[in-house]
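Thank you all for coming.

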Amino acid sequence: MTKGQAAAGVTLPPLPDDLRRQEAHAPVVEGEPVIAILARERQALDRANARQGRTTQFYDDLTNGYGRRR
């Protein structure tokens, strides 16, 4: 426990590992139709957006939980 945590009387839960992960761009394969590359890139973007939503929900749950304890 750090000095700041002790002073606040709060120990925050760890951020889930999934929420720290970066989403890679879709690979570009020479000679492949552009639409196929675009479709994979959109899937990667959907995964990144879903992860951002889970991060936001995690933070909202965390702050709401501590807000009720005051």
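This is a predicted model: local features need pLDDT of at least 70, side-chain atom pairs count only at pLDDT 80 or more; totals for chains, interfaces and linings use all residues.

At 25% relative accessibility, Glu 23 counts as partly exposed, where buried means under 20% relative accessible area, exposed means over 50%, and partly exposed is what falls in between, with a 1.4 Å probe and protein chains only. Residues are numbered from 1 along each chain as its sequence is written, and side-chain values use heavy atoms, with hydrogens and water left out.

Let me stay with Glu 23 for a moment. Which side chain does Glu 23 meet in a salt bridge? The partner is Arg 51, at 2.9 Å from N to O, and by a salt bridge I mean a side-chain nitrogen of Lys or Arg within 4 Å of a carboxyl oxygen of Asp or Glu. Glu 23 lies in the loop between H1 and H2 whereas Arg 51 is in helix H2, so this pair ties together parts that are 28 residues apart in sequence. The side chains of Arg 51 and Glu 23 are also joined by a polar contact of 2.9 Å, a term that stands for a pair of N or O atoms within 3.5 Å; within protein, one must be able to donate a hydrogen and the other to accept it, and residues adjacent in sequence count only if both atoms are side-chain atoms.

Now to Arg 51 itself. Is Arg 51 buried or exposed? With a relative accessibility of 5%, Arg 51 counts as buried. Its side chain also meets that of Asp 18 in a salt bridge, at 3.6 Å from N to O. Asp 18, for its part, is partly exposed at 26% relative accessibility. If we leave aside the neighbours of Arg 51 within four places in sequence, Arg 51 is in contact with Asp 18, Leu 19, Arg 21, Gln 22 and Glu 23, contact meaning heavy atoms within 4.5 Å.

How many salt bridges does the structure hold? There are seven. Another one of them joins the side chains of Arg 40 and Glu 32, at 2.8 Å from N to O. Arg 40 is partly exposed at 23% relative accessibility, and Glu 32 is likewise partly exposed, at 24%. Salt bridges that share partners, moreover, join Asp 18, Arg 21, Glu 23, Arg 47, Arg 51 and Arg 54 into one network.

Arg 54, a member of that network, is found in helix H2 and is partly exposed, with a relative accessible area of 38%. Not counting residues up to four places away in sequence, Arg 54 touches Asp 18 and Leu 19. Arg 54 and Pro 16 are 38 residues apart in sequence, and their C-alpha atoms are 9.7 Å apart in space.

Glu 41 is also placed in helix H2, and at 27% relative accessibility Glu 41 counts as partly exposed. Once residues up to four places away in sequence are set aside, Glu 41 touches His 25 and Ala 26. A polar atom of the Glu 41 side chain lies 2.9 Å from the backbone nitrogen of Ala 26, and the C-alpha atoms of these two residues, which are 15 residues apart in sequence, are 5.0 Å apart in space.

Val 29 lies in the loop between H1 and H2 and, at 45% relative accessibility, is partly exposed.

Let me finish with the chain as a whole. The protein chain has two helices and zero strands, where helices (H or I, at least four residues) and strands (E, at least two) are DSSP runs numbered from the N terminus. Buried residues make up 11% of its 70 residues. Among contacts in the chain with a separation of 6 or more, residues 24 or more positions apart account for 60%. The accessible surface comes to about 5900 Å², of which 57% belongs to carbon and sulfur atoms; accessible areas come from the Shrake-Rupley method with a 1.4 Å probe, and for residues only the protein chains shown count as cover.
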